[in-house]
Amino acid sequence: KVTGDLVRFGGGMLNAMFITGMNMVYKRVAQWLTDFENYRTDTEHEDQLIGKVFLFQFINSYIALFFIAFVKKSPVPDFGQFLVNGNEIPEADLPEEFRVQSKVYGY
């Protein structure tokens, strides 16, 4: 049990490091793409850069949670099971992978 938890947590930490590294890469890619566009003002240039960086980092940061929640086959088939008598399911009853990833994200 301890080894399995350590492996899951290690996978979550590797995912967090990958996200951090790729955020740096995506920031450079967004800068490169924005520099090729021809904007009349620096404000337009900055606005477009901010939009690209936000989009890249949002997708990069949350794609693992979307994958776990919607794509991967999990023991929780629908959103109705997240509520019991109108209350949220306790953390202990959530799928293990989702709990590990949410701890890595700091939730």
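Is F36 buried or exposed? F36 is exposed, with a relative accessible area of 61%; exposed denotes over 50%, buried under 20% and partly exposed the range in between, for a 1.4 Å probe and protein chains only. The model is predicted: local features require pLDDT of at least 70 and side-chain atom pairs pLDDT 80 or more, while totals for chains, interfaces and linings use all residues. Residues are numbered from 1 along each chain as its sequence is written, and side-chain values use heavy atoms, without hydrogens and water.

View A. W32 is exposed at 52% relative accessible area.

**View B. The stacked rings of F54 and F58.** The ring centres lie 5.9 Å apart and the planes stand at 25 degrees, so the pair is stacked (Phe, Tyr and Trp rings, the six-membered one for Trp, pair with centres within 6.5 Å; planes under 30 degrees apart are stacked, over 60 edge-to-face, the rest tilted). F54 and F58 are four residues apart in helix α2, about one helical turn. F54 is exposed at 57%, whereas F58 is partly exposed at 37%. Ring pairs join F54, F58 and Y62 in a cluster.

**View C. Residue D42 in helix α2.** Helix α2 spans residues 42-71 and includes D42. D42 has a relative accessibility of 65% and therefore counts as exposed.

Technical notes:
Helix = DSSP H or I, 4+ residues; strand = E, 2+ residues; numbered from the N terminus.
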